[in-house]
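The sequence and the model are shown first, and the description follows.

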Amino acid sequence: MSALLEVRDLDKRYRTRHGVIHAVQGVSFDVREKETVALVGESGCGKSTVALSLLHLIEHDGGRVRFEGAEFDQLKGRREQELRRDLSIVFQNPYSSLNPRMRIKDIVGEPMRTAYGTRGRELVERVREQLEAVGLGPEHLRRFPHEFSGGQRQRIAIARALALEPKLLILDEPTAALDVSVQAQVLNLLRELQRRLGLSYLLISHNLATVESIADRVLVMYFGRIVESGTVSEVFNDPRHPYTRALLDSVPSIDPSQRHRLKPLEGDLPSPLRPPPGCAFAPRCARAAHDCTARPPPLGSIGSREAACYHPLGG
Amino acid sequence: MSEEVLAIRDLRIEFPELFRTVEAVRGADLSVRRGEIMGLVGESGCGKSMTAMACLGLVPPPGRVSGHVSVDGFEVVGRPDRELLPVRGGLAAMIFQNPGKALNPFFTIGRQLTDVIRLHHRHGERESREVALEALRSVHLPDPEIALGRYPHQLSGGQLQRAMIAMALACEPKVLIADEPTTALDVTIQAQVIVLLRELADARGLTILFITHDLGVVGSLCDRVSVMYAGRVVEVGSVRDVLESPAHPYTRKLLATVPKLGDGHSELAFIPGQVPDMAFPPSGCAFHPRCERASPVCTKSDPDGRDLGAMHRVACHHAHGGGETEAPGTANGAPAR
């Protein structure tokens, strides 16, 4: 299967008053057609920076991005516009990502109007189809965002993201702001849309159970780097990087008899202004040895997956 | 062990608006015993946060509160602010969802801690500093002496939440009310806070009312749990009883909707319909429009709580007898339109 999106050595530095923050360092991954790849990690690990730089919402400082076989970064003007239609995003908070002063028909219709100049009755017809695809009836067309619940708003945001029939949808914490009962509806909808439209997803999430329920492959990020990647079942059932293990051990279980298995990770994230030498996880890692603090471990293959660790778990 | 430290009886909270009145809490009952961690779960808008605010007399105007809330025997409802001083921060303390917003950005952690301590005790400066240091040590904040001189923006999210817990516990309250204290935190920090709260409850016999919508946190932390829906407690029992053999159809649905690690790519169950508008709550049992078991009686009368076994109570006309939970994917209704 060919890769729809190829990211190689992506790099992003933020220059701040206090110094340079290296937010993303040498991140490489592929997203293939009809595949869901999840990017997980704690706040500040760089996962949203990756998403935003893919969309050119921020400029990255190094590396390259190929989308549908074209060098996405070097495209200009019309070619760029065309290719960007195939890439879309759904944001975390449907309360802030929809303009409160626009009606639903304008929110969902705007991309089609801008990209194709669709107007009038045809536009309304297309918007109606888009809303129907996410399970919303035509009675909502003239309503405003405040008239909807969180789950419905997220459906509207998804309808807008799908308006130009993209091939790849970036989902930035799409259910984090929703109640559990609604979360399940949105996840089921995303799964159904993927089946029906042959979409690829890049899912950004810190909720490991959500990731497990819809993703095929997972990339674990820590402090700006990918530390482990592989299929969801491999990585979650048999993690090799101690950080992945620690993340999994931090998820509270609903089963009270599993209580003792909750093992918090000691310490805090290091300051991005003063990154530790070598492996960024070494100061919190029980397996850390001398070599860990010398040089950051490269991402190396272990069987069918990759981990960046000198002393991986298992095998 | 059976001594009741926090007792809520028939609590009602209403917010009058111009053309309607929102009934946020409609006769909630809750009882938390000494040294117990009670979880209070429910979806947004079910009244769980308002119930918590009522424990400290903090319901914002124009909210009207009636019923009874007693904290260690002290009746809170109907008291003016000045009489509530010994309760707030003294008998009971509260920690909030977002520690960054709950702390004042203009003052150091030390100043904010000693202010609380000096409000409740006649300590001098040096003495209250000692108490503050001890409080920071008890929550395992690294380098407590340095932390005293820090401003909130200089600490990480996890450190701030520890500082807020230290502030809440500095005057040795009987009850800690925790309103979603881990929701804004990363899982790794959430796990640290869960373990810390459990340790504090064990070591000091602290009573905790823990408000959350995360059933995983309930399973990992709480002794008992109350499930709230549309302003009422619909089920209460030990964590094991409620999570393993839920009796109320709402509790069952809620449990079935949670994606659990280890379940793989399974289709998720969801609750059809929507949380009711509390200005116009449904007649009878508020859950009946979304309930598979609803019958004509459910639309007419709101069920009273009844005992199912030792300390397990449910308010439902057609409660499940216990046993297996609903398998995910078997009980889907039509998607909400």
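How far is the sulfur of B:C285 from the closest cysteine sulfur? The distance is 6.1 Å, to B:C298, which is too far for a bond.

The structure is a predicted model, in which local features need pLDDT of at least 70 and side-chain atom pairs count only at pLDDT 80 or more, while totals for chains, interfaces and linings use all residues. Residues are numbered from 1 along each chain as its sequence is written, chains are lettered from A and ligands numbered from 1 in the order in which they are written, and side-chain values use heavy atoms, with hydrogens and water left out.

## Cysteines

A disulfide is a pair of cysteine sulfur atoms within 2.5 Å. By this rule the count over all chains is 0 disulfides. A:C279 is accordingly in no disulfide, and the nearest cysteine sulfur, that of A:C292, is 6.0 Å away.

A residue is called buried under 20% relative accessible area, exposed over 50% and partly exposed in between, with a 1.4 Å probe and protein chains only. A:C279 is buried, with a relative accessible area of 12%. B:C285 has a relative accessibility of 11% and also counts as buried.

A:C285 is buried too, at a relative accessible area of 17%. Helices (H or I, at least four residues) and strands (E, at least two) are DSSP runs, numbered from the N terminus. In these terms, A:C285 is placed in the loop between α9 (242–249) and α10 (290–294) of chain A. Between A:C285 and A:L265 there are 20 residues in sequence and 8.6 Å in space, C-alpha to C-alpha.

## Aromatic rings

A pair of aromatic rings is described by the distance of the centres and the angle of the planes. Rings of Phe, Tyr and Trp (its six-membered ring) pair if their centres lie within 6.5 Å; planes under 30 degrees apart count as stacked, over 60 as edge-to-face and the rest as tilted. By this rule there are 8 aromatic pairs over all chains. One of them joins A:F67 and A:F72, whose ring centres are 5.7 Å apart with the planes at 50°, so the pair is tilted. Both A:F67 and A:F72 are buried.

B:Y229 and B:Y250 form a tilted pair as well, with 4.5 Å from centre to centre and 55° between the planes. This pair links distant parts of the chain, 21 residues apart: B:Y229 belongs to strand β9 (residues 224–229) of chain B, and B:Y250 to helix α10 (residues 249–257) of chain B. B:Y229 and B:Y250 are buried.

In chain A, ring pairs connect A:Y222, A:F223, A:Y243 and A:F281 into a cluster.

A charge sits over a ring if NZ of Lys or CZ of Arg is within 6 Å of the ring centre and within 35 degrees of the ring normal. The charged end of B:R79 is placed in this way over the ring of B:F74, at 4.2 Å from its centre.

## Helix packing

Two packed helices are described by the angle between their axes and the distance between the axes. Axes are lines fitted to C-alpha atoms, for helices over the stretch in contact, and angles run from 0 to 180 degrees between N-to-C directions. The table lists helix pairs from both chains.

| Helix | Partner | Axes come within | Crossing angle |
|---|---|---|---|
| α5(A), residues 150–162 | α6(A), residues 180–197 | 10 Å | roughly 20° |
| α6(B), residues 157–169 | α7(B), residues 187–204 | 10 Å | roughly 20° |

Angles under 35 degrees count as roughly parallel, over 145 as roughly antiparallel, 65 to 115 as roughly perpendicular and the rest as oblique. Therefore α5(A) and α6(A) are roughly parallel to each other. A crossing is left-handed if the near helix is turned anticlockwise from the far one by less than a right angle, and right-handed if clockwise. The crossing of α5(A) and α6(A) is right-handed, and α6(B) passes α7(B) in a right-handed crossing.

## Backbone features

B:P61 and B:P62 are joined by a cis peptide bond, with omega about 5°. B:P62 is in the loop between α1 (48–55) and β4 (64–71) of chain B.

A:H56 is not a glycine, yet has a positive phi of about 60°. A:H56 lies in the loop between α1 (47–54) and β4 (62–67) of chain A and is buried, with a relative accessible area of 17%.
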